[in-house]
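These exercises ask you to read a structure step by step.

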Amino acid sequence: MNTLLCVAATRFYLKRPWQLCLAIFGIALGVAVYVGVDLANDSARRAFNVTASLINGSTTHQLVGTANDIPNSLYRDLHLKYGVRFAAPVIEDGVRLASNTRRELTVLGIDPLKETEFRGFSSFIPGSETNLPQLISEPGTALLPESLMSELGLERDDELGLLVGNIEKKIRVIGTVRDISLTAEGATAPIIMDIATAQELFNRTTISRIDLILNDSEAEDLTSLDLPNVLLTDANDRNASFDELARAFQTNLTALSLLALLVGVFLIYATMSFAVVQRRKTFGVLRALGVDRNQLLLVTLSEALIIGAIATLLGVLLGHQLANSLVELVLQTTGDFYFRSNVAPATPSILLYIKGFILGVATTLAAAAAPALDAAHTMPQTAISRAKLERSTRKIADRAALISVPISLAALVLLGFSTKSLYLGFIGLFLVIAASTLLIPTATRVFAKLVEPALERSFGISGSLAARGISASLSRTGVATAALTVAVATVIGIGLMVSSFRISVDEWLSGTLTADIYLSTESENVFSNSRIEELNAIQGVIGTSITRFIRVPTEQGELTIRAQRAGPLGWGLSLIEEFPDAIERMESNEGILVSEPLAFRQGLEPGDKLPLPTKQGKEEFTILGSFKDYNTNGGTILMSLSLYRTYWNDEDINGVGVYLDTNSDRENTISEIRTFLEETPSVRYRSTDFIQEQSLSIFDQTFKITEVLRVLAGLVAFLGLFSALMSIEIEKTREVATLRAMGLDPRQIGILTLSQTSLLGLASGLFAIPLGIIMAILLIYVINVRSFGWSMSLVLSSQPLLFGVLLALTASILAGIYPTVRAIKFNVAPQLRDE
Amino acid sequence: MDVQPNNQQIQLIKVEKAYGKHNVLSNCNVNIKRGEFVVIVGRSGSGKSTLLNLIGGLDKPTLGEINILGYSLHTLNEEKLSNLRRKYFGFVFQFFNLIPTLTALENIRLPMSLNGISKKDSINGAKLLLKELRLSGLENHFPDELSGGEQQRVAIARALSHRPEIILADEPTGNLDLETANEVLDLLNTTCRRRGTTLIMATHSKEVMGLADQIFSIRDSEIKKAST
Ligand SMILES: Nc1ncnc2c1ncn2[C@@H]1O[C@H](COP(=O)(O)OP(=O)(O)OP(=O)(O)O)[C@@H](O)[C@H]1O
Ligand SMILES: [Mg+2]
């Protein structure tokens with residue numbers, strides 16, 4: 001490459017530090033958002049996997065109880081009667097720290113002797129001087145994760161208070177579990193104790209499951225035995241439905257981050273094409289001097305490569321920083337959803353950084369390709385005038401607007417014909433965005449034309465100058481408006497989606513929670529018939545609903561059964577698809593109802609049969625309908641309590657809804673209920689208001705990350721508009737100088753510049769409203785349904801719309817301020833000299 | 001701003017202009033009466049454009065005083081200066097400097113519109129000028145659709161359109177062929193004479209010097225009055 005050409009290119013940028021900085025920062029920000037989300041997702045994913053494998057060890061299969069936990073005797077039988085070689089009993093349960101009740105931990109009760117041969121310590125490594133058999137010989141002892149020890153400042157032989165339900169219990173720490181995985185991979189190890197200690201701690205005589213190492217034929221043998229009340233599951237499938245949810249959530253985030261990158265691409269394109277347009281005269285002269293096309297192409301592409309590389313490097317660094325805060329949010333969200341154990345962020349693989357870097361540089365090069373080719377095709381000396389260039393841009397823009405028609409059709413077809421695929425849903429969404437983007441430059445031109453007369457009337461010819469300036473520099477205003485519109489529409493679309501979702505959840509909660517107080521327990525035999533009768537007899541209580549919750553394993557993962565006898569105000573269900581009289585038929589034990597996400601995921605419709613493992617073996621239940629459910633437990637089955645009791649032989653109750661008389665003295669009734677509950681400390685008391693509040697606060701926390709991404713998208717948009725407007729105004733310097741010479745005073749120049757930039761902002765804001773609503777519709781009716789199986793209806797609240805338009809306007813006005821100040825301050829005389 | 005036209009419409013008293021250490025103009029005294037045709041000559045880089053910029057209030061002198069139409073420029077703030085330029089000055093630049101996004105007609109209307117002349121009147125005035133300058137039929141062309149001579153004629157029309165007191169022309173024919181140049185000069189001269197407009201022009205053209213009332217020649221940063 002010719003050194004003088006490089007010198008010329010370098011000086012070009014060095015003389016315009018503003019332009020260079022904005023270009024670099026814009027690209028960096030786009031890359032940072034993408035890389036940040038990608039890294040955060042990856043960390044979260046790996047942390048989950050590590051947790052899962054930590055808990056499972058090298059287990060291949062698990063025997064789990066279908067209705068209740070497994071009795072101890074089965075474990076003995078496995079060895080003695082059925083000749084299974086590798087089996088280990090496990091209790092897995094959750095506790096909270098007494099000192100910090102929000103901190104949930106997983107307890108793993110194991111047989112330490114078995115553990116040596118069985119797991120080969122593949123899932124946890126005892127810390128130094130930890131004696132496993134001591135767990136057996138000394139009751140009430142446990143091994144604590146090293147990280148927890150140092151976090152709580154505990155020493156060996158210290159006591160630790162744990163909350164089981166609401167009861168505090170003490171354990172003594174006799175050793176540690178090494179957190180090898182915390183540094184390498186990130187998950188917090190579980191608390192380990194002997195199985196007998198665990199049974200005592202949780203006050204149970206059963207085990208959660210039996211871990212097995214089986215080869216395929218052994219597994220078949222065991223299945224053919226058809227053991228009562230247990231199910232043999234593949235250890236890897238256990239959390240399949242959770243994984244699916246987590247994946248769907250992460251896919252959503254990735255799509256958001258790609259959107260940020262897309263806006264970044266606009267920025268890159270705008271920047272590079274501007275740098276070429278500015279030098280079209282220079283390129284013409286160079287061509288006349290004998291520089292050939294390839295040389296020019298090489299120079300411009302190298303420029304893009306260098307700028308892109310520097311910016312991307314910066315973006316990857318920024319993305320790394322961003323990931324640190326995002327990963328917390330992602331884990332909080334997905335962790336809240338699906339895992340009880342604490343999941344710590346993991347160090348992501350270096351490959352992701354490399355991927356982000358390559359993507360950033362490649363994107364820059366691709367975006368710069370068109371302007372670079374343009375530069376290479378400059379005819380010697382016949383430098384095209386700026387106005388001619390803009391006229392051809394106008395033609396291209398009009399053609400692009402036409403192309404958007406078939407693209408939108410393709411999107412419609414895609415969305416109409418695929419009903420389940422999330423990926424096709426996203427492709428459809430992106431096609432819609434692409435189609436609108438192509439429309440925007442022409443729409444901007446038309447908009448400017450429409451407002452021109454009004455502007456001319458209010459500001460005279462300088463007003464019409466402002467409007468004309470927009471279509472006169474369409475090659476840049478078009479791209480800037482498109483970038484800003486997409487970003488603002490994203491902000492609006494997500495805002496509408498989240499607010500609609502929140503309203504749906506709120507309504508659903510109010511509809512579902514018909515009782516005034518909810519009592520729940522995880523212990524057994526707390527709510528006997530007589531106890532419930534006593535409760536009903538309390539002055540001011542008009543009735544109760546009683547519920548049995550159990551988790552049942554199925555081939556498609558664990559499901560929750562909610563067996564209920566409805567209270568005086570009915571079931572509080574909102575049915576989505578149902579047979580006529582579905583609820584009455586459920587009450588008369590004709591079948592079951594399934595939650596909407598479950599129906600969606602397994603394609604269940606009214607009339608289908610769902611096989612469930614019962615105490616009497618596998619039974620098929622008729623599905624009478626599906627009901628709205630925003631729980632994230634992987635799927636719920638609702639049936640009448642009597643149907644459940646028939647098949648599961650289980651009289652236990654773990655949830656009671658209490659209905660209060662609105663006319664009686666509420667305070668008094670509540671205090672009587674509280675006195676009544678003193679006998680049973682494991683019962684948790686929650687008022688409906690409390691549940692509703694808490695659920696919504698969890699909801700808000702879940703969507704905090706989308707908020708963050710919204711802000712980032714807004715920031716990228718702001719920068720895009722800022723740099724585009726800056727470059728437009730800088731290029732108009734000579735024109736502004738002429739106007740100054742003709743007597744336009746600084747104030748008028750200010751009006752001219754600011755009205756032009758705010759006009760662009762207004763245009764973007766206005767275009768973003770329909771696009772944002774379309775995005776919200778797609779997010780609600782396509783993406784969310786396909787990700788989570790949740791249906792909700794769009795609520796067009798004005799706040800997200802106003803916020804979007806204000807964002808666009810503010811960005812554009814702020815972006816207009818510097819060029820305005822510059823236009824007012826500069827020295828007229830030198831600007832009038834020849835270029 | 002009301003102006004009492006006095007005998008000395010433009011006065012430069014001991015004006016000095018330097019860019020850093022480089023002295024472009026020193027001890028420069030100039031008096032110009034209303035309606036005069038003044039030509040400024042000098043070699044390239046001698047300071048002709050600088051002088052015109054100083055008179056037009058586009059640039060400030062390092063030392064000395066400039067009085068235009070009875071105002072001393074250094075007492076005026078930016079807004080008042082803008083006002084002065086808008087009402088009393090017309091500029092013709094060497095490189096035309098037409099606004100690329102406005103048509104020929106609109107470029108000519110611009111100063112009238114800035115001075116509050118109604119749309120209808122400004123269109124009529126502009127059309128008249130277009131006709132006078134033999135530009136009829138080109139009103140809706142954008143600057144890049146005009147030849148160099150046509151662009152310069154539009155620029156002249158623009159400078160004349162609001163009937164300014166003073167026209168500052170900086171080598172208005174430097175980019176034109178000889179024939180067109182003469183035509184353009186003739187136009188400027190006759191129109192200004194007819195209207196009694198002061199015309200100050202930087203040029204190299206010998207023919208022009210013959211028509212001038214006063215000729216100033218700049219050499220080694222000194223201004224000398226040359227005989228006509
Ligand atoms: N902004 C500036 N900074 C520094 N020096 C300048 C600046 N503007 C002009 N000059 C210098 O002032 C001197 C006079 O410039 P000016 O443009 O007035 O010359 P001119 O007589 O109009 O020349 P020409 O006939 O080539 O147009 C030149 O030497 C030029 O280099
Ligand atoms: Mg000059």
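**Exercise 1.** In which order do the four strands of chain B form an open sheet, and is the pairing parallel or antiparallel?

Solution. This is a predicted model, in which local features need pLDDT of at least 70 and side-chain atom pairs count only at pLDDT 80 or more, while totals for chains, interfaces and linings use all residues. Residues are numbered from 1 along each chain as its sequence is written, chains are lettered from A and ligands numbered from 1 in the order in which they are written, and side-chain values use heavy atoms, with hydrogens and water left out.

Strands are DSSP runs of E with at least two residues, helices are runs of H or I with at least four, and both are numbered from the N terminus; two strands pair if DSSP finds at least two bridges between them. The order in chain B is β2-β1-β4-β5, and the pairing is antiparallel. At the edges lie β2 (22–33) and β5 (71–72) of chain B, each of which pairs on one side only.

**Exercise 2.** Describe how β1 and β4 of chain B pair, and say which helix lies across them.

Solution. Begin with the strands: β1 (residues 8–19) and β4 (residues 63–68) of chain B pair in the antiparallel sense over five bridges, and B:Ile10 has B:Ile68 in β4(B) as its bridge partner.

**Exercise 3.** Find how many residues each chain brings to the contact between chain B and chain A.

Solution. Counting contact as heavy atoms within 4.5 Å, chain B gives 31 residues and chain A gives 26 residues. In chain B, the residues that lose the most area to chain A are B:Thr101, B:Leu114 and B:Asp144, together 20% of what that side buries.

**Exercise 4.** Is A:Ser764 buried or exposed?

Solution. First place the residue: A:Ser764 lies in helix α26 (residues 746–788) of chain A. Its relative accessibility is 0%, so A:Ser764 counts as buried, given that buried means under 20% relative accessible area, exposed over 50% and partly exposed in between (1.4 Å probe, protein chains only). Beyond its neighbours within four places in sequence, A:Ser764 is in contact with A:Thr481, A:Leu484 and A:Thr485.

Terms used
Axes are lines fitted to C-alpha atoms, for helices over the stretch in contact, and angles run from 0 to 180 degrees between N-to-C directions. Buried area is the accessible area (1.4 Å probe) that two parts lose on being put together, summed over both.
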